[in-house]
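Dear colleague,

Please find the structure below, followed by a summary of what was found in it.

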Amino acid sequence: MLAEVDVLVVGGGAAGVAAATVAAEAGLRVMLVEKYGFCGGAAVAGMSGTVCGLYLASDGSDGPKQVVFGFAERFRRGLEERGGLSGPQRYGKTWTVAHDPLVWREVADQMLEAAGVQLLLHTTVVGVLLEGETHAGVVVESSAGRAMIRAARTIDASGDGAVAARAGHDYRFGDAGRIQNPTMFFRIGNVDTDRFWDFYGEDTICPPAVTEAIRAARDEGLDLPRDKIWVFRTTRPGELMVNATRLSGRDGRMLNVIDPADFTEAEIVGRRQVREYARFLQQHVPGCEASHVVDTGVEAGIRQTRTIVGAKTLRNADVVEARKFPDGIARSPWPIELHSGNQPKLEWLLDDVYEVPYLTLVPATGENLIVAGRCLSAEHEALASARVTAQCFEYGHAAAVASVLSLTSEMRYRDIPGADVRAAMTKNGSAL
């Protein structure tokens with residue numbers, strides 16, 4: 001027996017850091033376990049590199065208008081204060097900001113330590129403790145061996161629904177098994193960024209001239225599966241972050257990285273594609289002639305694996321029709337950004353937001369378990385919007401608030417009024 005806590009958080013990505021911090025600040029005994037030696041999840045290990053979902057989308061010419069706050073704003077401000085955040089960058093009809101992955105880790109370290117969270121890095125969940133339908137904790141493994149952690153409440157912020165799946169709760173993979181493509185992000189250095197942006201333009205989504213050049217280079221033999229690439233400023237001079245690769249099997253099949261064989265193929269194919277796109281940039285894009293690859297993520301960038309079957313489900317129509325809910329615990333202005341096929345599909349939500357209902361975080365079965373992050377209950381295209389960083393911060397915020405209410409009121413997660421969670425989050429600064 002390693003520990004007995006009030007709240008166990010599994011996974012240290014955006015949702016997990018938010019959940020652990022908020023729960024500990026409420027006076028609960030909180031432990032966070034994370035498989036890597038740092039927190040950050042897809043934002044850091046996968047080097048997704050941007051905090052998407054903060055700003056309204058519009059056809060107008062006005063500058064960025066932030067509409068998501070709460071814990072997302074706390075973390076954004078922490079990055080900014082340490083010099084680890086770019087200014088807003090145009091992304092089609094909306095805006096995003098890029099972060100420094102090292103600073104992201106440091107901000108998470110500081111927040112968790114200040115809140116009194118007991119953090120265990122290099123620790124992986126390999127099993128669950130169940131008393132009938134009730135979750136009682138997890139089994140973890142590290143270099144020290146195998147141990148149990150008992151918890152009154154568990155927050156599955158693993159991204160993959162690792163706790164929910166191991167407990168036998170129902171889940172889905174995307175649209176009848178079809179999920180979004182992984183991507184391997186990379187950074188290039190020694191770029192003449194003035195010349196680059198003069199050619200590329202201010203929008204981070206590539207202009208037609210770059211798409212045409214990619215197609216021509218593909219005809220010359222380069223392995224460039226995506227016609228539309230996205231390039232972002234970073235906080236470092238002479239550096240760019242590139243979202244260009246599209247990872248599928250060598251035989252063209254979809255890769256589901258829950259399967260380690262597929263995950264392995266994604267990593268190998270991804271590194272090869274990074275070199276091909278870097279070569280393309282050197283040969284065809286002004287300012288990149290002397291550039292070099294700085295690094296890639298620790299792992300391929302994962303957009304989607306398991307989504308739980310929840311007490312409620314975020315529907316595709318909820319997103320496109322900008323629906324609001326009395327139990328809405330997070331708002332989102334982000335488009336449906338679907339990575340499947342030769343180029344990403346973007347379906348914009350203009351001058352409006354939708355809300356994510358509280359019960360999308362609660363599994364349809366079981367007790368004392370709630371999820372936070374991209375494994376929430378959502379239809380395929382709805383998840384392609386709801387999965388981004390700013391919203392994941394707020395899902396973690398909501399899961400922590402619900403855990404406090406559950407423990408203090410001795411209520412099941414499914415019985416907690418979502419409006420009460422919403423009200424508490426509003427007091428904490430969320431714009432709802």
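Ile 188 stands opposite Leu 240 in β13. Strands β11 (residues 186-189) and β13 (residues 240-243) pair in the antiparallel sense over three bridges; two strands pair if DSSP finds at least two bridges between them. Helices (H or I, at least four residues) and strands (E, at least two) are DSSP runs, numbered from the N terminus.

This is a predicted model, in which local features need pLDDT of at least 70 and side-chain atom pairs count only at pLDDT 80 or more, while totals for chains, interfaces and linings use all residues. Residues are numbered from 1 along each chain as its sequence is written, and side-chain values use heavy atoms, with hydrogens and water left out.

β11 and β13 belong to an open sheet of four strands, ordered β12-β13-β11-β14, with antiparallel pairing. At its edges are β12 (230-233) and β14 (292-296), each of which pairs on one side only.

The second topic is helix α4. Residues 101-115 form α4, which has 15 residues. Its buried residues (under 20% relative accessible area; exposed is over 50%, partly exposed in between; 1.4 Å probe, protein chains only) are Pro 101, Val 103, Trp 104, Val 107, Ala 108, Met 111, Leu 112 and Ala 115. They lie on the same side of α4 because they cover an arc of only 165 degrees around the axis, the arc being that of the directions from the helix axis to the C-beta atoms. The face turned away from this buried side carries the exposed residues Glu 113 and Ala 114. After α4 comes Gly 116, with a positive phi near 90 degrees.

Yours sincerely

Conventions:
The expected span of a helix is 1.5 Å times one less than its number of residues.
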